[in-house]
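Student: I have a new structure open and I'd like to walk through it with you. Can we go step by step?

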Amino acid sequence: MTATAARVPVTWLYVPGDRPERFAKAVGSGADVVIIDLEDAVVPARKDEARANAAAFLRERTDREGVAVHVRVNDLATPRGLADVAELGGLPGLDAVRLPKVESAEGLGALEGLGVPAHALLESAAGVVAVAEIAAHPSVGGVALGEQDLAAELSISAESAMNQIRLDVVLAAAAAGLPPVPMSVYPDLRDEEGLVASCLAGRGLGMFGRTAIHPRQLPAIKRAFTPTAEEAARAAEIVEAAEEAEKAGRGVVALPDGRFVDAPIVARARRTVALAEQLGAG
């Protein structure tokens, strides 16, 4: 496993594929994952140019540590999407592809031999209904929601309705052994307070990390998903108690306040400690 793969991605930054002068800047922005976008951010007349830009950048990329580079290709149900995968697959600088408008596991056979994971974007009712089979596909390394497209299709305006969908996707990802589901983009660049509040709400639903459309959103996203000093201290206390119990040959972990915790709580505490160390919490 590479250093990039071992880290838990918190920030994912989109950069348009027809703006190659921004690629290196995006990699240096502090984002954990940079997504070169060949789909929504590029007008049809420039999509072939955007693909060539992405391919050139990936061929020349030598620094693979610290930042992962993904490419959001066009819909695999279109000739352009298939051409994207054919040209980009196997390039040394590619860490994953991001697939838009996935509605079933059918058609994902085009990813065989790609050599990197695919992250499936669920942007329709059909995709959400089929999330379990999509998440279980061997080529899929992660799933996420395209919430703006989905809300438009379903005429959703209530946050409670979207939360139900988010939980369904979080559950399907966990059942398939996939990483936590990152949140969809927050479109208002000026509303940092709203961005943080939205991130905290998603974190409470079991989602983790978020895609961004501008580097200025990255610090707020990181802050929202970083364990607080209190959370980090509590987790460290649990981990320490678990290690003491293991050394003593005890199967039960007792905390200093008299409470007992079991293995899943300890595992979660270890993840929190690791995340706090990664993000510099506390």
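Student: What does His-70 touch, not counting residues up to four places away in sequence?

Tutor: His-70 touches Trp-12, Val-33, Val-34, Ile-35, Ile-36, Leu-94, Asp-95, Ala-96 and His-119, leaving aside residues up to four places away in sequence, where contact means heavy atoms within 4.5 Å. This is a predicted model, in which local features need pLDDT of at least 70 and side-chain atom pairs count only at pLDDT 80 or more, while totals for chains, interfaces and linings use all residues. Residues are numbered from 1 along each chain as its sequence is written, and side-chain values use heavy atoms, with hydrogens and water left out.

Student: Where is the place of His-70?

Tutor: His-70 sits in strand β3, residues 68-72; helices (H or I, at least four residues) and strands (E, at least two) are DSSP runs, numbered from the N terminus.

Student: Buried or exposed, then, for His-70?

Tutor: His-70 counts as buried because its relative accessibility is 5%, with buried meaning under 20% relative accessible area, exposed over 50% and partly exposed in between, for a 1.4 Å probe and protein chains only.

Student: And what about Val-69, what does it touch?

Tutor: Val-69 is also placed in strand β3, and at 1% relative accessibility Val-69 counts as buried. Beyond residues up to four places away in sequence, the residues that Val-69 touches include Val-27, Val-34, Ile-36, Phe-57, Leu-58, Arg-61 and Gly-93. The C-alpha atoms of Val-69 and Gly-93 are separated by 7.2 Å, although the two residues are 24 residues apart along the chain.

Student: Switching topic: how many aromatic pairs are there?

Tutor: The count comes to 2 aromatic pairs, under a rule by which rings of Phe, Tyr and Trp (its six-membered ring) pair if their centres lie within 6.5 Å, with planes under 30 degrees apart counted as stacked, over 60 as edge-to-face and the rest as tilted. The rings of Phe-23 and Phe-57 have centres 5.4 Å apart and planes at 75°, so that pair is edge-to-face. This pair links distant parts of the chain, since Phe-23 is in helix α2 (residues 23-27) and Phe-57 is in helix α3 (residues 47-60), 34 residues apart. Phe-23 and Phe-57 are both buried.

Student: Which rings make another pair?

Tutor: Phe-208 and Phe-225 do, with ring centres 5.3 Å apart and planes at 70°, so this pair is edge-to-face. Phe-208 is in the loop between α9 (192-204) and β7 (210-212), while Phe-225 is in helix α10, 17 residues apart, and the pair links distant parts of the chain. Phe-208 and Phe-225 are buried.

Student: How many residues does the largest nonpolar core have?

Tutor: The largest nonpolar core has 67 residues, and those with the most contacts inside it are Ile-36, Leu-88, Leu-99, Leu-111 and Val-143. Such a core is a set of buried Ala, Val, Leu, Ile, Met, Phe, Trp, Tyr and Cys residues joined through side-chain atoms within 4.5 Å. The largest share of this core, 6 residues, comes from helix α8 (residues 159-175). Apart from this core lies another, of 12 residues, among them Val-239, Ala-241, Leu-255 and Val-266.

Student: Val-266, which helix has it among its buried residues?

Tutor: That is α12, where Val-266, Ala-269, Thr-272, Val-273, Leu-275, Ala-276 and Leu-279 are buried. Helix α12 (residues 263-279) has 17 residues and reaches 24 Å from its first C-alpha to its last, close to the 24 Å expected at 1.5 Å a residue, the expected span being 1.5 Å times one less than the number of residues. The cover over the buried residues of α12 includes α10 (218-225), α11 (229-247), β8 (253-254) and β9 (260-261). Just after α12, Gly-280 takes a positive phi of about 75°.

Student: Zooming out, what does the secondary structure come to?

Tutor: The protein has 12 helices and 9 strands. Its radius of gyration is 20 Å, close to the 19 Å that the globule rule gives for 282 residues, so the protein is as compact as a globular protein of that length; the radius is taken over C-alpha atoms, and the rule is 2.2 Å times the number of residues to the power 0.38. Of the 282 residues, 48% count as buried.
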